Amino acid sequence: MKITSRLVLSMSLSAALVAALSTYFQARQETKELRSELQRRSAALAESLKESLEPALIQTDAKEMLRVLRRNAARERLLGAGIFDAQARTVAATAGTERRLKSLESLLKRAAGLESPPPPVSRRGFWGEEMVFVYPLAAERGPAGSLLLIHDTSYIQSQIRLLWRHNFFRLLFHALVILLVSLWVIRWNIMAPIDHLAEWMKQVRTGQAPRDLSPPAGLLEPVAKEAVHLAQSLTAARAAAEEEARLRQEVQSVWTAERLKEHVRAKLEGRPLFVVANREPYMHERRGKRLEVVTPASGLVTGVEPVLLACGGTWVGQGAGDADRETADERGRVRVPPDEPKYTLKRVWLSKEEEEGYYYGFSNEGLWPLCHIAHTRPIFRSEDWKQYQDVNRKFADALLEELDPIQEPCVLIQDYHFALLPRLIKEARPDARVAIFWHIPWPNPEAFGICPWQREILDGMLGADLVGFHIQYHCNNFLETVDRALECRIEWERFAVHRRGHVTTVKPFPISIALPEPVPSRGAAPGKETLLKGLGVKARWMGVGVDRVDYTKGIIERFRAIERFLEKNPVYQGEFVFVEIGAPSRTHIKSYQDLEADVEAEAERINRRFSAKDYRPIVLLKKHHSHKEIDPYYRAADLCMVTSLHDGMNLVAKEFVAAREDEQGVLILSHFTGAARELRDALVVNPYDTERTAQAIKTALEMDPEERARRMLSMRRILKEYNVYFWAGRLIEDLTAIRLPASAGQKTS
């Protein structure tokens, strides 16, 4: 209230001052113009009088001169007029002139000897404001004297006073109107949001749930957004602290971000963690003149980023956004996340040729189908292998630049894109502790033997101190492959490989996700009916699938199971809709282009068969969706289908379980996923078995609500206990526990 009063008072005084100054300068200009006009009129009158008085001057006819002066003085409303000789003696003068002459004698004498009139004299007399003009009069034989004209200027002051009266109040009125409009704008666009934010922050401070987490648009939007982030951080911190206290009270040991942070700090002894991955967690894209931050759809980012958010460090990844260079420094580094930076992202730049050979070629046309037993033939080209080697060296150089000042750094390399990187890092920095986590399956030795460079890949991976897979089965396959392909000694009891004087430990670390923080203000998601209405369909039940469009995900097999379900259960025709959120992937590769076309064709075929008004059984959303966009579908779906033909873990299954705070919904899960070994209360299916997968859909829709709740609660408990922080904690603990040889205690120069 005090702020508003001071604001009103200061703006009112400012309005009055502006009106006064504006009127003052206008009055000055008006006075100047009126005086100039009077001077012009006086000069014109003097010229006219000279012509009329000329005969009388020659004849020295005083009476005629007086008559002429009186006539013109009456017409021009002069206060006085007169003709004087060279000694300032009166020749002829109107009434009232004589009493004004006392102070003008010197001026009259001086004017008689001039060729041009002197400047007019303005003075305030007993009779008011007046202006005196003196004009020299010439005779045939020299100066004859001067003409005196005394003008009344009181009308100028009257006009100026009238101008002040009219203009000042008119301008003041306008200024006050602007003031009122400004106050209204300030009240609704500044004061109201400030009051709202103040009340909201008070709720957060006192532990109440904020009513609205969306920042108000308008002038204060940047401040409001920062306040939102601050409030979310405070609320999350309070919830985490309460959860931690509750867990201590219950003598439980659930891993949280705070626990991981303290654990990593103790294990790393303050040293940063370095993560290497092909994909960056944040891309900068240009949308017209505006920069936009994009979070790529990636299970790896979902699983690994919470680790760096918890403990800090550096993520080394490929810069793929078209505005990535302009947002990074000269060394390719930028702090992320943009809203609340917690770690450093270092971008590595690849040429188009390098990306084609290393990523699309060797990694995704060679290693990806080789490791996924999904009946797609791997393609190996020597030029792709060369690019793969060169890019691994480029990433090694970028990482070594970041490692340079750190003694005994810890490096966590992600996935099949960097099989050669562990050896390159270890050779340059023997003091580094290096782990590589392989996010995809590892096939049996016979299958992996297809790769022409299997020995080089295995040797590169064995440069690591620790090799991690999702499940024990993949660890077994890896060790069997090493045993057949390389000269080495394997300790099967410890799952360790001795080669070239170095020991590599191989272990399973099932990756997971971070459950959403228990923030009470999360709010209600759009309901099933709202989501389906937005898609242009109506139905009673809804299923959801979230995948990259990849031949390993079993999308076509899933669609055929849905078709068979509708065939066998006509009652669900028109009542069950399946929403497939399919993000296009690796569209440079022909097999992916063909798959995308096949998925669309299969969806269209099934829809033609069962479609009706406001209904089609499969809704294919073929674009990238953020986690925020996907979450409402997870929370509203009656079932989620994960039907991978071969998968390392598959975090979509865990994301669906994490989203179901209502403890409803059913997960249909392929037993070819690593997740099936943990989420045993899902309906586990063989995606190649269309009949049983169709039956699983019916079972899910008709399951008793209590049974659904029991299964979901059980899976959520597993997810809560074995979350991404547990995964990272185990991985980093095992990595830091590795004893380096004495010769590796210092970095090489």
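**Close-up views of a predicted model**

View 1. Strands are DSSP runs of E with at least two residues, and helices are runs of H or I with at least four residues, both numbered from the N terminus; two strands pair if DSSP finds at least two bridges between them. Residues are numbered from 1 along each chain as its sequence is written, and side-chain values use heavy atoms, with hydrogens and water left out.

**View 2. Strand S18 (residues 541–548) and strand S21 (residues 639–642) pair in the parallel sense over two bridges.** In this pairing, Val544 stands opposite Cys640 in S21.

**View 3. The largest nonpolar core has 162 residues, and those with the most contacts inside it are Phe478 and Leu667.** Such a core is a set of buried Ala, Val, Leu, Ile, Met, Phe, Trp, Tyr and Cys residues joined through side-chain atoms within 4.5 Å, where buried means under 20% relative accessible area, exposed over 50% and partly exposed in between (1.4 Å probe, protein chains only). Leaving aside neighbours within four places in sequence, Phe478 is in contact (heavy atoms within 4.5 Å) with residues including Trp442, Leu458 and Val506.

**View 4. Ser12 is found in helix H1 (residues 2–59).** Ser12 is partly exposed, with a relative accessible area of 24%.

Key
Predicted model: local features only at pLDDT ≥ 70, side-chain atom pairs only at ≥ 80, totals over all residues.
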